[in-house]
Amino acid sequence: GSVEARVEAYANKLHEELQITAAEEPQWKHYVAVMQENARDMDRRIAERTRALDSMSAVESLKSYERLAAAHVERLQKLIPAFEELYDAMPASQKKIADELFRASSAPREFSVSFSES
């Protein structure tokens, strides 16, 4: 599906899992907007890499992948403050849910939404 559909489905699931309250909606919406922007950026970068892949040398391919990895770090640097703002608005019981959800994943949850070349 489209990047927007993937992020929306993921966000809806996460909204439910985190038990986002009405009071937390402004922080939540900001977090989701950053996720959407990040996913669109990554989709664009992967598409560019895919188009150029056939003409790349092995070294160019590695450098291209390095640029994708660096872009992922940049996206995390945008995503973390947005999530931190949401997390700081949560009561302790809800923070515990978030902690458990994020610990259960071996990579940051946003990573699985937007950083795949499949």
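Buried means under 20% relative accessible area, exposed over 50%, and partly exposed in between, with a 1.4 Å probe and protein chains only. Phe102, at 25% relative accessibility, therefore counts as partly exposed.

The model is predicted: local features need pLDDT of at least 70, side-chain atom pairs count only at pLDDT 80 or more, and totals for chains, interfaces and linings use all residues. Residues are numbered from 1 along each chain as its sequence is written, and side-chain values use heavy atoms, with hydrogens and water left out.

**Helix packing**

Helices (H or I, at least four residues) are DSSP runs numbered from the N terminus, as are strands (E, at least two). Helix H2 spans residues 25-53 and helix H3 spans residues 58-88; the two pack at an angle of about 175 degrees, with their axes 9 Å apart. Axes are lines fitted to C-alpha atoms, for helices over the stretch in contact, and angles run from 0 to 180 degrees between N-to-C directions. H2 and H3 are therefore roughly antiparallel to each other (over 145 degrees; under 35 is roughly parallel, 65 to 115 roughly perpendicular and the rest oblique). The contact of H2 with H3 has 14 nonpolar, five polar and eight charged residues. Here Ala, Val, Leu, Ile, Met, Phe, Trp, Tyr, Cys and Pro count as nonpolar, Asp, Glu, Lys and Arg as charged, and the others, Gly among them, as polar.

**Aromatic pairs**

Rings of Phe, Tyr and Trp (its six-membered ring) pair if their centres lie within 6.5 Å; planes under 30 degrees apart count as stacked, over 60 as edge-to-face and the rest as tilted. The count by this rule is four aromatic pairs. Two of them involve Phe83.

| Pair | Centre distance | Plane angle | Class |
|---|---|---|---|
| Phe83 and Tyr87 | 6.0 Å | 40 degrees | tilted |
| Phe83 and Phe102 | 4.9 Å | 40 degrees | tilted |

Phe83 lies in helix H3 and Phe102 in helix H4 (residues 92-103), so their pair ties together parts that are 19 residues apart in sequence. Phe83 and Tyr87 are both in H3, four residues apart, about one turn of the helix. Phe83 is buried at 14% relative accessibility, while Tyr87 is partly exposed at 21%. One aromatic cluster is formed by Trp28, Tyr31, Phe83, Tyr87 and Phe102.

**Ser64**

Helix H3 also holds Ser64, which is buried with a relative accessible area of 6%. Neighbours within four places in sequence aside, Ser64 is in contact (heavy atoms within 4.5 Å) with Arg49 and Met56.
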